[in-house]
Amino acid sequence: METYQVIALIGVIIFIYFIFFKNKNSAQKEINSLSEIEYTGSSTMTFDDVAGNHEAKQSLLELVDFIKNPQKYSKFNVRMPKGILLYGEPGTGKTLMAKALAGEAGVPFYAVSGSDFVQVYAGLGSGRIRNLFRKAKKSGKSVIFIDEIDAIGKKRAAGNIKGSDEGDRTLNALLTEMSGFAEDSGTVVVAATNRIDTLDEALLRPGRFDRQIEIMLPDKNARKEIIQLYLKKKKAEDVDIDELADLTVYFSGAMIENLINEAALTAIRENSDRITGSHIKKAYLDVLAGVEKKDFDNERQKTVTSYHEAGHTFVSRHLLPENKIIRVSVIPTSKGAGGYTLSTPEAEEVITKKKIRNHMCVLMAGRVAEEVFLGRENITAGAQNDIEKVTSLAIEYVAKYGMNDEAFINYQILSDKLRIPLTSVESSVKKLTSEIYEEVKKIVEENKETIEKIARLLIDREVIYQDELDDLIQKYS
Ligand code: ADP
Ligand code: ZN
């Protein structure tokens, strides 16, 4: 071989070596970063840190004893679940509960999230699962927590039997690991999802996640407990807990925690040494409606918004008098709204046909008022959010609750089972919304004078409350 050939050959070898190692190195890096499993040592959380959710807590309490004394159960040949699936809306405390389980049992807590497994290099997902279980096994007993398990164990789409290979490998690794550890090892796998309907059935079979516990949005009593729990941790006085529990209907635990935290920040900003009812009210408005931007001077915008909100407000008092108006504002907010009408939320009551229709009326009234007072050509994009909500409600009315007159049908099931597109819903939804639009138009036209007065008051004052509003309505109708 000539010298130059040797040099060329060495060059090629170095070149290949670099390409190979560069890839290997970045893959290795990826493995390392992906294997950062959250390990909290022994969790210090207890079930006292979780408010409400009594049934779920009861169910998990049984497992505490199992983790502590697994032999007691195996001696009697009692099969305890290896996997527990907590399902329910985001922020309802599923992670918190898994941590509390580890804390009560006094064992380490290992956590990963299913979403971290999406789009990883081939083989990494399954490797990471094995890594997780290996680490957990080393500490003897433990609680292994897998958040967002739906990202790994998604049902294969209809017709697509193969699914994604990598997703399958990750899921299979999980199932293998779960059947691999002994029943009396004192290890429990807790998974969480807010989409149980999308989970692959393989995950739910016996010996896998065969205990499923629903974690629901807190009811009024649970909301009171959550409010008390977080107020206790901060200094507070003059907070009407009962009223706040009413105002926070449909809030998750996380939303309530956030609200109280915002109130505490407001208190600090005002140099107050405790949280009061007024800090809570301010935080409530900021959380729900967005922070009001004080510096606005667009008169045209304010006029349009005033008519728009006057429409919502009047129709709300007219059709849903039981919902109190908390505040009407035409000051733009940080959430991008030009203004807002905030009323007390509906208590958890029976959903009636009348109620849904009335709600749709109130939502449409903003746009209708713009049209009636400013002309069809001058309607604005300010109704975008209202339109979204009305459309969702109309779809539920027609397709989910079967409330339109011609059909007693759940269209989702119809379309799933028969594999047909949902076109027939569209015309029913359109018909319903235009019917309601006409109803609202009639109400607004018949009460034009009153609504005009409300709008003028808003232009003048920017913010109004229920008392002034009701005085005005009484005077003019
Ligand atoms: P999830 O896992 O269901 O999405 P998290 O457990 O992450 O919800 O909840 C987020 C936060 O919300 C918790 O850290 C806690 O501060 C608060 N939280 C939620 N539910 C509750 C509850 N039932 N009791 C006390 N705090 C709660
Ligand atoms: Zn509106």
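Let's start with Ser113, which has its place in strand S3, the stretch covering residues 108-113. Keep in mind that this is a predicted model. Ser113 has a relative accessible area of 13%. A residue counts as buried when that value is under 20%, so Ser113 is buried.

What does the side chain of Ser113 pair up with? One polar contact, of 3.0 Å, goes to the side chain of Ser115. Another polar contact, of 3.3 Å, joins the side chains of Ser113 and Glu148. If you skip residues up to four places away in sequence, Ser113 touches Asp147 and Glu148. Glu148 therefore turns up both as a residue that Ser113 touches and as a side-chain polar partner of this buried serine.

## Asp286 in helix H10

Now hop over to Asp286, which sits in helix H10, made of residues 277-289. Is Asp286 buried or exposed? With a relative accessibility of 16%, Asp286 counts as buried, because the cut-off for buried is under 20%.

The side chain of Asp286 makes a polar contact of 2.7 Å with the side chain of Lys282. Set aside the neighbours within four places in sequence, and Asp286 is in contact with Val291 and Lys335.

## What surrounds ligand 1

Next up is ligand 1, which has 17 residues around it. The closest are Ala51, Gly91, Lys94, Thr95 and Tyr230. Sorted by class, the shell holds eight nonpolar, six polar and three charged residues. Domain 2 (47-157 + 164-214) and domain 3 (220-289) each supply at least three residues to this shell.

Where does the backbone come in? A nitrogen atom of ligand 1 lies 2.8 Å from a backbone N or O atom of Ala51. For Gly91, a polar backbone atom is 2.8 Å from an oxygen atom of ligand 1. Ala254 also has a polar backbone atom, 3.4 Å from an oxygen atom of the ligand.

How much of ligand 1 does the protein bury? On its own, ligand 1 exposes 560 Å², and the protein buries 80% of that.

Conventions
Residues are numbered from 1 along each chain as its sequence is written. Chains are lettered from A and ligands numbered from 1 in the order in which they are written. This is a predicted model: local features need pLDDT of at least 70, side-chain atom pairs count only at pLDDT 80 or more; totals for chains, interfaces and linings use all residues. Side-chain values use heavy atoms; hydrogens and water are left out. A residue is near a molecule or strand if one of its heavy atoms lies within 4 Å of it. A polar contact is a pair of N or O atoms within 3.5 Å; within protein, one must be able to donate a hydrogen and the other to accept it, and residues adjacent in sequence count only if both atoms are side-chain atoms. Accessible areas come from the Shrake-Rupley method with a 1.4 Å probe; for residues, only the protein chains shown count as cover. Ala, Val, Leu, Ile, Met, Phe, Trp, Tyr, Cys and Pro count as nonpolar, Asp, Glu, Lys and Arg as charged, and the others, Gly among them, as polar. Domain bounds come from an automatic or database domain assignment. Helices (H or I, at least four residues) and strands (E, at least two) are DSSP runs, numbered from the N terminus. Buried means under 20% relative accessible area, exposed over 50%, partly exposed in between (1.4 Å probe, protein chains only). Contact means heavy atoms within 4.5 Å.
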